[in-house]
Amino acid sequence: MRLKNFLITVTDVERAKAFYKDLFGLDAILDNGRNLILTGGLVLQDRSLWEEAIGQNVIAWNNSSALYFEEPDIEAFAEKLSRYEESVSPIRYICPLTEIFPGRRVIRFYDPDGNLIEVGTPWR
């Protein structure tokens, strides 16, 4: 068995698609309108569709999981995030670019739907 994809819920699939394309370079490889698979295995699903499927409400901004990306040039990514914030939409940060221990730097923030994201320098 292997992990194939991971799914997050979003309120606006097109907005989320643009967010993940603009900031992370993820492209759509399968688009069913309310369900979208991006490169890297990320699945964006319309929140209402997921709620119908599981019979429960989604609890956004819950901090129970995070998408994790590695970026060797984290300063350039921090600048890219800043430009995105200035031109497209505000970013809600957990922490700005921070050194969590010597040689290890991260940025933690939310996507527009409250999914937590961490971008860190690669582990040595």
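Trp 123 lies in the segment that follows strand 8 (116-120). Helices (H or I, at least four residues) and strands (E, at least two) are DSSP runs numbered from the N terminus. The model is predicted: local features need pLDDT of at least 70, side-chain atom pairs count only at pLDDT 80 or more, and totals for chains, interfaces and linings use all residues. Residues are numbered from 1 along each chain as its sequence is written, and side-chain values use heavy atoms, with hydrogens and water left out.

Trp 123 is exposed, at a relative accessible area of 55%. Exposed means over 50% relative accessible area, buried under 20%, and partly exposed in between (1.4 Å probe, protein chains only). Together with Tyr 68, Ile 100 and Phe 101, Trp 123 makes a nonpolar surface patch of about 420 Å². Patches are made of residues with over 30% relative accessible area and no salt bridge; like charges are joined within 9 Å, nonpolar side chains (Val, Leu, Ile, Met, Phe, Trp, Tyr) within 5 Å. A salt bridge is a side-chain nitrogen of Lys or Arg within 4 Å of a carboxyl oxygen of Asp or Glu. Areas come from the Shrake-Rupley method with a 1.4 Å probe; for residues, only the protein chains shown count as cover.

An open sheet is formed by four strands in the order 5-8-7-6, with mixed pairing. Strand 5 (66-70) and strand 6 (93-101) are the edges; each has a single partner strand, so one side of each lacks a neighbour in the sheet. Neighbouring strands are turned by 20° against each other on average, direction ignored. Two strands pair if DSSP finds at least two bridges between them. Strand 6 and strand 7 (residues 104-110) are antiparallel and share five bridges. Thr 98 has Val 106 of strand 7 as its bridge partner.

Two helices lie across this sheet. Helix 3 (residues 74-87) lies across strand 6, strand 7 and strand 8, at about 20° to strand 7. Axes are lines fitted to C-alpha atoms, for helices over the stretch in contact; angles run from 0 to 180 degrees between N-to-C directions. Contact means heavy atoms within 4.5 Å.

Another open sheet has four strands in the order 1-4-3-2, again with mixed pairing. Strand 1 (6-10) and strand 2 (28-31) stand at its edges, each with a single partner strand, so one side of each is left without a neighbour. The twist averages 25° from one strand to the next. Strand 3 (residues 35-38) and strand 4 (residues 42-46) run antiparallel, joined by three bridges. Asn 35 is bridged to Gln 45 in strand 4. Helix 2 (residues 47-54) touches strand 1 and strand 4, at about 85° to the direction of strand 4.

Strand 4 is mostly covered, with five of its five residues buried. Leu 42, Leu 44 and Asp 46 point one way, Val 43 and Gln 45 the other. Strand 1 runs parallel to strand 4 over five bridges. Phe 6 stands opposite Leu 42, and Leu 36 is bridged to Leu 44.
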